[in-house]
Amino acid sequence: MADFPSLTRAEVAAMIDHTLLTPEATHADITALVTEARELGVYGICVSPAMLPVRAPGLVVATVAGFPSGKHHSLVKGAEARLAVEQGAGEIDMVIDVGAAVAGDFSAVLADIVAVREAISDRALLKVIIESAALSDEAIVGACRAAEQAGADFVKTSTGFHPAGGASVHAVRLMAETVGGRLGVKASGGIRTAETAAELVAAGATRLGLSHSRAVLGGFAD
């Protein structure tokens, strides 16, 4: 077992969204996810909106909107998020129009996020997935600023489905520097070891999206 003296297993567990977003997931799989999440003592779960409602005592339930491409009309993202909240989701992880960020059209990014924020009001926490691996540093900063201006609660690195990759220490550090503690930073995508998780937390991640939670937590001391 690795030793990360600044982080305990319980501290890391309290940061984890235990995640299952694969298209082939069944309701039986989600039931198993909830059971494992409770056993591991994680913060919450993140599931696809079609899996809602989910009975998950003691856990926060998150779901996604505009996932995974972000190429959905803003009103559709808003409607999807609103329905999810009505079905019990406490957190929404929305995907921006990544192409708008690549093009530097941060007014469009802002409007997209605002549409979802207004659709759910303050009834749920809003995380904004910027797909950082597909963006330049300038675009990462611009997307994070748009998320903050729109009233988001978190910025999030990745869907985990983009071919460009998932979370990186560099992106997390840049995102954390940009939001300056005013928003949370969720690292997700490709986090499979305790070493990677510890590096991302050290870079500024305040939440972790993991589908390999048990393996990651196994690397931290109690």
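The structure has 0 disulfides, counting a disulfide as a pair of cysteine sulfur atoms within 2.5 Å. Cys46 and Cys144 can't pair up because the sulfur of Cys46 sits 18 Å from the closest cysteine sulfur, that of Cys144, too far for a bond. Both cysteines are tucked away: Cys46 is buried at 1% relative accessibility, and Cys144 is buried at 0%. Here buried means under 20% relative accessible area, exposed means over 50%, and partly exposed is in between, with a 1.4 Å probe and protein chains only.

A word on the source: this is a predicted model, in which local features need pLDDT of at least 70, side-chain atom pairs count only at pLDDT 80 or more, and totals for chains, interfaces and linings use all residues. Residues are numbered from 1 along each chain as its sequence is written, and side-chain values use heavy atoms, with hydrogens and water left out.

Next, the helix packing. Helices (H or I, at least four residues) and strands (E, at least two) are DSSP runs, numbered from the N terminus. Axes are lines fitted to C-alpha atoms, for helices over the stretch in contact, with angles from 0 to 180 degrees between N-to-C directions. Helix 5 (residues 106-120) takes part in a packing with helix 3 (residues 74-86), where the axes are 8 Å apart and the angle is about 30°. Helix 3 and helix 5 are therefore roughly parallel, a label for angles under 35 degrees, while over 145 is roughly antiparallel, 65 to 115 roughly perpendicular and the rest oblique. On the helix 3 side, Ser74, Lys77, Gly78, Ala81, Arg82 and Val85 meet Asp112, Ala115, Val116, Ala119 and Ile120 of helix 5, contact being heavy atoms within 4.5 Å. The residues of this contact split into 6 nonpolar, 2 polar and 3 charged. For these classes, Ala, Val, Leu, Ile, Met, Phe, Trp, Tyr, Cys and Pro count as nonpolar, Asp, Glu, Lys and Arg as charged, and the others, Gly among them, as polar.

Helix 5 also packs with helix 6 (residues 137-150), their axes coming within 9 Å and crossing at roughly 35°. This crossing, too, is right-handed. Helix 5 brings residues including Phe106, Leu110 and Arg117 to the contact, and helix 6 brings residues including Glu138, Gly142 and Gln149. By class, the helix 5 and helix 6 contact has 10 nonpolar, 2 polar and 2 charged residues.

Glu91 lies in strand 4 (residues 91-95) and is buried at 2% relative accessibility. Beyond its neighbours within four places in sequence, Glu91 touches residues including Asp17, Tyr43, Lys127 and Arg207. Glu131, in the loop between strand 5 and helix 6, is also buried, at 2%, and has a positive phi of about 55° although it is not a glycine.

Ser121, between helix 5 and strand 5 (125-129), has a positive phi near 55° and is partly exposed at 39%. Cis peptide bonds join Leu52 to Pro53, with omega about -5°, and Phe67 to Pro68, with omega near -5°. Pro53 lies in the loop between strand 2 and strand 3, whereas Pro68 lies between strand 3 and helix 3.

Definitions and conventions
Left-handed = near helix turned anticlockwise from the far one by under 90°.
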